[in-house]
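Dear colleague,

Please find below the structure that I am handing over to you.

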Amino acid sequence: MANPSSRRNFLFGRFSKPKGSLRPPWALFEDDFLQACTRCGDCTLACPTHIITDREAGYPIIDFAEGECTFCGDCVTACKSGALVRHEGELPWAIRAAIGEDCLARQGIECRVCGEQCATDAIRFPLQGGGIPLPGIETGRCTGCGACVGTCPTRAITLR
């Protein structure tokens, strides 16, 4: 007999288990996070931009299709289990944007939507002779907020 969860995953377009889901900012390391998180949903409710969802067996994950992270810390404040812990001077996470080959500019089509959304000017479009400027990311400026992800018309931007 076929595994119903596999059929369900196939129908929803989930062909393989995602590798390392992105947790909310200031989350503990994955194993510690999974042990500490009670799946209460308080961080999901506290997120003002609604990017924290509970689509992974009730554990909170980030979905940048919904918006961006402002690093307000409301999710950390709401977390009573200690799965999200903010220390002074500590970065929320180490992820940074990466632009894939599906980028419209890389296909010869003018598009600068990601750069327009980037508050830190981490995405730049240096001029090139005889062609459309291609986006480049200054990783030192990128905060991993995800503002560029949901606005990309081809979903060419990922955070790693």
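**Findings**

At 17% relative accessibility, Cys 145 counts as buried. Please bear in mind that this is a predicted model. Cys 118 is likewise classed as buried, with a relative accessibility of 15%. Does either cysteine belong to a disulfide, or to no disulfide? A search of the whole structure finds zero disulfides. For Cys 118, the nearest cysteine sulfur is that of Cys 145, at 6.4 Å. Because a disulfide requires two cysteine sulfur atoms within 2.5 Å, Cys 145, whose nearest cysteine sulfur is the one of Cys 118 at 6.4 Å, is in no disulfide either.

**The chain as a whole**

The chain has 160 residues, and 36% of them count as buried. Its accessible surface is about 9900 Å², and carbon and sulfur atoms hold 54% of that area. Among the contacts with a separation of 6 or more, 60% are between residues 24 or more positions apart.

**The aromatic residues**

The count of aromatic pairs comes to three. One of them joins Trp 26 and Phe 71 in an edge-to-face arrangement, at 6.4 Å centre to centre and with 80 degrees between the planes. Trp 26 sits in the loop between α1 (4-11) and α2 (30-36), and Phe 71 in the loop between β2 (59-62) and α4 (74-78), so this pair ties together parts that are 45 residues apart in sequence. Both Trp 26 and Phe 71 are buried.

Phe 71 also pairs with Trp 93: the ring centres are 5.8 Å apart and the planes stand at 75 degrees, so this pair is edge-to-face. Trp 93 lies in the loop between α4 and β3 (97-99), while Phe 71 lies in the loop between β2 and α4, so the parts tied together here are 22 residues apart in sequence. The relative accessible area of Phe 71 is 18%, and Trp 93 is buried at 9% relative accessibility. Through ring pairs, Trp 26, Phe 64, Phe 71 and Trp 93 are linked into a cluster.

**The hairpin of β1 and β2**

Strand β1 (residues 52-56) pairs with β2 in the antiparallel sense, over three bridges. Ile 52 has Ile 62 in β2 as its bridge partner. Two residues lie between the strands of this hairpin, in which Ala 57 takes a positive phi near 55 degrees.

In a regular strand, side chains alternate between the two faces of the sheet. Which residues cover the faces of β2? Tyr 59 and Ile 61 are on one side, Pro 60 and Ile 62 are on the other, and all of these are buried.

**The nonpolar core**

The largest nonpolar core has 37 residues, of which Phe 64 and Ile 157 touch the most other members. Two or more residues of this core come from each of α2, β2, α4, β3 and α6 (147-151). The largest share, three residues, is given by α6. Leaving aside neighbours within four places in sequence, Ile 157 is in contact with Ala 97, Ala 98, Ile 99, Cys 114, Cys 148, Val 149 and Cys 152.

With kind regards

Terms used: Residues numbered from 1 in each chain as written. Predicted model: local features only at pLDDT ≥ 70, side-chain atom pairs only at ≥ 80, totals over all residues. Heavy atoms only, no water. Buried < 20%, exposed > 50% of the residue type's maximum accessible area, 1.4 Å probe, protein only. Contact = heavy atoms within 4.5 Å. Areas by Shrake-Rupley, 256 points an atom, 1.4 Å probe, with all protein chains shown as cover. Phe/Tyr/Trp six-rings, centres within 6.5 Å; stacked < 30°, edge-to-face > 60°. Helix = DSSP H or I, 4+ residues; strand = E, 2+ residues; numbered from the N terminus. Pairing = 2+ DSSP bridges. Core = buried A, V, L, I, M, F, W, Y, C linked by side-chain atoms within 4.5 Å.
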